[in-house]
Amino acid sequence: MNEILNYDLVVIGGGPAGMAAALSAKDNGVPEENIIVLERDVRLGGILEQCIHTGFGLTYFGEELSGPEYADRFVKLMDETKIAVKLNTMVLNITKENQVIATNKEDGLITINAKAIILAMGCRERPRGALDIAGTRPAGVMSAGQAQKFVNIDGYMPGHECVILGSGDIGLIMARRMTLEGAKVKVVCEVMPYSGGLQRNIVQCLDDFDIPLRLSCTVIKIHGLDRVEGVTIANVDDKMLPIPGTEEYIPCDTVLLSVGLIPENELSKQIDLDMDMVTRGPKVDEMRETSQPGVFACGNVLQVHDLVDFVTQESQIAGKGAAQYISGLRHGDVIKTRGQNGVRYTVPQSINLDEQEDVKIYFRVGSVYHDKRVVVTCGDKVLLNRKKIKLAPGEMENVIIKAKDIAEMTKDQEIVISIEEA
Amino acid sequence: MIERNLICVACPRGCPVTVTLNEVNEVVSVTGNTCPRGDTYARAEVTHPERSLTSTVRVTGGKAYIVPVKSSRAIPKELLFSAMKEINKATLEAPVHIGDVAIKDLLGTGIDIVATNEIE
């Protein structure tokens, strides 16, 4: 049977983004009993539950927490409210009428009529299939996050001798974790000429344990029939093609992939939200409202963040935006934002011209820069011109657009962020 | 004078820090850090490097088999692997709460290994 429920706000996803968004919506006036969070896992917390390393919360709480501790702060806040939570619940569909169709063991199929929806589904790891690595299909090839779940949640080791492809933060964190648990991590290969991970993780996860990081290098073949027996790695040229003669065979029983994260937007695509081809998330305004009125997005489903602290802050904005929408607030014209000259993307992609508060625009650069300037313009006007010692793709940047500047903008202008010579 | 260039690991910002040492390995100056934590980190790093350690400890009688743990503060870097041996010997009984002590006074350092999640 199909049960019909009515809520002001449905939040899809009970990780850090979903929890912060739900709590913020409540704090901004949505009655708590009219908010529901749908989570497909057995508990709230999302990916933080398996991120047992520390480094979370320095910005938001001013102290260094592990992932589960950071999540628990929000779980406890959720417990103090009457916000409904359905665990083990999979959302199957959302509609253009802002209905959410979900299923779980207890309720069967449920349809929820919502005034507003917040998308907080997070992201997933790019799989082997996306990489076109030649060779057989033995056991022992998995994403770094999968290995992280095996070790940190399930409590067993997925292998003894590892090669890690990709130097994203999860790959670096797992290099250390596997090493501490007695595995030998032979090499981390990164196809780009720079690491996609944070500098601190290169230092404390690789350098501390003398694990070599090979840049401009990739795995070209995986060997082994039932279990991984080794990999062939090779250096790549500036077109990222393997350079003949540089091949090297490395025996190992496990290959971990840490080759990027992809926002999980299957639901967003069902309702044809305008998507950003670079972030792979929906296009949003400064309140994180998507192209469908009343549908908001925040956290890693919108743009892959480096720090959960920023996920929390972004989700609080989305919660506030949803609360304003539910109370009847509608906006008029917007001004678009855009990156150029090294700036790959900007979030939000537009700002409402009636915005009364300062707006933070997040962006990422496409390669590593030293001693440059970040310049923000609108028409002929330079809004900001700031020196930066270093910019890197692995580290999200932001600029603040002042409310008084927004008040003077018009809808046919653009806010443009670019990287210029110092 | 010896200069050592470090990347501060105190927070995700990862500031490039330069420490200048004199002939008897005393810190003369720390530059490049953007906060006091960076200064503390850099001084410790060139004299007695420390790292915070996280791992998991076995749980009996609970809904999960293991619980994540962390060192109550950073431990001397050279003790990381001996600490892991102790951690892999320890067991906690469910229910486990955040802050429950799994190992008291780890290897005589005065540092505890504490749980970082709730296990029913």
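Let me start with chain B, where three strands form an open sheet in the order 1-2-3 with antiparallel pairing; strands here are DSSP runs of E, at least two residues long, numbered from the N terminus, and two of them pair if DSSP finds at least two bridges between them. This is a predicted model, in which local features need pLDDT of at least 70 and side-chain atom pairs count only at pLDDT 80 or more, while totals for chains, interfaces and linings use all residues. Residues are numbered from 1 along each chain as its sequence is written, and chains are lettered from A in the order in which they are written.

Strand 1 (2-7) and strand 3 (27-31) of chain B are at the edges, each with a single partner strand, so one side of each has no neighbour in the sheet. Strand 1 of chain B pairs with strand 2 (residues 16-21) of chain B over six bridges, in the antiparallel sense, and I2(B) has L21(B) as its bridge partner.

Turning to the two chains together, 21 residues of chain B are in contact with 20 residues of chain A, where contact requires C-beta atoms, placed from the backbone, within 7 Å.

Within chain A, L119(A) touches I12(A), L267(A) and F296(A), among others, not counting residues up to four places away in sequence. Both I12(A) and L119(A) are among the residues with the most contacts inside the largest nonpolar core, which has 82 residues; such a core is a set of buried Ala, Val, Leu, Ile, Met, Phe, Trp, Tyr and Cys residues joined through C-beta atoms within 7 Å, buried meaning that 20 or more other C-beta atoms lie within 10 Å of the residue's own.

Definitions and conventions
Helix = DSSP H or I, 4+ residues; strand = E, 2+ residues; numbered from the N terminus. Buried ≥ 20, exposed ≤ 12 C-beta atoms within 10 Å, placed from the backbone.
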